[in-house]
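Trainee: Before I use this model for anything, I'd like to know where its labels come from. Can we go through them one by one?

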Amino acid sequence: MTTKQILELEDRNLHFNHINLVKEGMFWRAYERSAYLFVKHFWHDITVNGGHVKAVQRDVHYVGFPERSLQKIIDKMPEVGNSRIAQRSETQILIADVPPIAGFDEWKKGLNLLRQQASDQMQPYYGKLPLYKAVYDFYFQAASLVRNFPRDAQHTLGEPIIKHGLELNIVLYRLIKSQKDGFENQVLISTSHADEIIENLRFLFRITYDMKLFNTDRYVSISESFESIRKQLHGWRKRVISD
């Protein structure tokens, strides 16, 4: 079933006390009102997943459990009012006569609020300084480029490039922590280390360019990235030390 079909089924569930289970791969899932009733009656601490779905232009929430847990749900039905399996196929199960419980709209609003709060708290590790973002973006640019290298060049040149790019990110990640703790000596050591890594990367990319593994425009773009990172690194170090 498509998400749209499942939601149409759940919209009709407004007037019934059903739990619709839909088989997706090796898992059974319950959506929206079915998910709410399933959580309240069958599995209180099950993880609720979901978010905004562009295809249907609405927030969709669901719970899911593996095939091996289905029998546990069936065995629990005698404890849940007069609930029973009214329909069953290989891909759908309808659990009917589930005791109604008010509060679905409030439950869903609460899930959306928790998700928004979690989203608001998620910040990129590189913080607000453009230097961190430049280094972070460079790593993904390099990784994308290396994927197109011939197999032998991926091992001899691609792997060192990825290794140094990741190391540069790690050095600056630690530098963020040292800055917060006020360790000026660590700033000097880390930025000097970062300088060395950048020079190694410059050398590796010059070799790859000479081997014609990418065109001149790409090489110019990479060189400009290095220069921007180097200038930001030295400028930031000077400001931190002078403060």
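What follows is a talk about the labels attached to this predicted model.

Trainee: Let's start with the overall picture. What makes up the secondary structure of the protein?

Mentor: Eight helices and six strands. Read from the N terminus, the order is α-β-β-α-β-β-α-β-β-α-α-α-α-α.

Trainee: And how much of the protein is buried?

Mentor: Of the 243 residues, 37% are buried. As for contacts between residues at least 6 apart in sequence, 63% join residues at least 24 apart.

Trainee: Now the strands. How do you know that β1 and β2 pair?

Mentor: Pairing takes at least two bridges. Strand β1 (residues 19–24) and strand β2 (residues 27–31) have four, and they run antiparallel, so they count as paired. One spot to look at is V22, which stands opposite R29 in β2.

Trainee: Which other strand does β2 pair with?

Mentor: Strand β4 (residues 58–66), over five bridges and again in the antiparallel sense. There, W28 has F65 as its bridge partner in β4. β4 also pairs with strand β3 (residues 49–53), antiparallel and over five bridges, and G50 stands opposite H61 in β4. The β3–β4 hairpin has four residues between the strands, and Q57 takes a positive phi near 55 degrees there.

Trainee: Next, helix α2. Why is α2 described as largely enclosed?

Mentor: Count the buried residues: eight of the ten in helix α2 (residues 32–41) qualify, so the rest of the structure largely encloses this helix. The buried ones are E32, S34, A35, Y36, L37, F38, V39 and H41.

Trainee: What makes E32 count as buried?

Mentor: The cut-off is under 20% relative accessible area. E32 comes in at 3%, so it is buried. This residue of helix α2 also has a phi near 50 degrees, a positive value in a residue other than glycine.

Trainee: Why is H18 called buried?

Mentor: Its relative accessibility is 19%, and the limit is under 20%, so H18 counts as buried. H18 sits in the loop between α1 and β1. Leaving out residues up to four places away in sequence, H18 touches N13, S34, L37, L94, I95, A96 and D97.

Trainee: D97 is on that list. Why is D97 called partly exposed?

Mentor: Partly exposed is the range between the buried limit of 20% and the exposed limit of 50%. D97 has 37%, so it falls in that range. D97 lies in the loop between β6 and α4 (104–121), and its phi is positive, about 55 degrees, although it is not a glycine.

Trainee: Over to I197. How do you know that I197 is buried?

Mentor: The relative accessible area of I197 is 2%, which is under 20%, so it is buried. I197 belongs to helix α7 (residues 184–210).

Trainee: Which residues is I197 in contact with?

Mentor: Apart from neighbours within four places in sequence, H164, E167, L168 and V171. Contact means heavy atoms within 4.5 Å.

Trainee: Last one, the largest pocket. What lines it?

Mentor: L9, R12, N13, F16, H18, N20, Q87, R88, S89, Q92, I93 and L94. The elements giving two or more residues are α1 (3–12), β5 (84–88) and β6 (92–96), and β6 has the largest share with three. About 200 Å³ of space lies in this pocket.

Trainee: How does that lining divide by residue type?

Mentor: Four nonpolar, six polar and two charged. Arg counts as charged, so R12 and R88 in the lining go in that group.

Note on methods: Residues are numbered from 1 along each chain as its sequence is written. This is a predicted model: local features need pLDDT of at least 70, side-chain atom pairs count only at pLDDT 80 or more; totals for chains, interfaces and linings use all residues. Side-chain values use heavy atoms; hydrogens and water are left out. Buried means under 20% relative accessible area, exposed over 50%, partly exposed in between (1.4 Å probe, protein chains only). On a 1 Å grid over the protein atoms alone, a cavity is a set of points where a 1.4 Å probe fits but cannot get out, and a pocket is an open set with protein on both sides within 12 Å along at least five of seven lines; lining residues have an atom within 4 Å of a point. Grid points are joined across faces, edges and corners, and a volume is the space filled by probe spheres set on the points.
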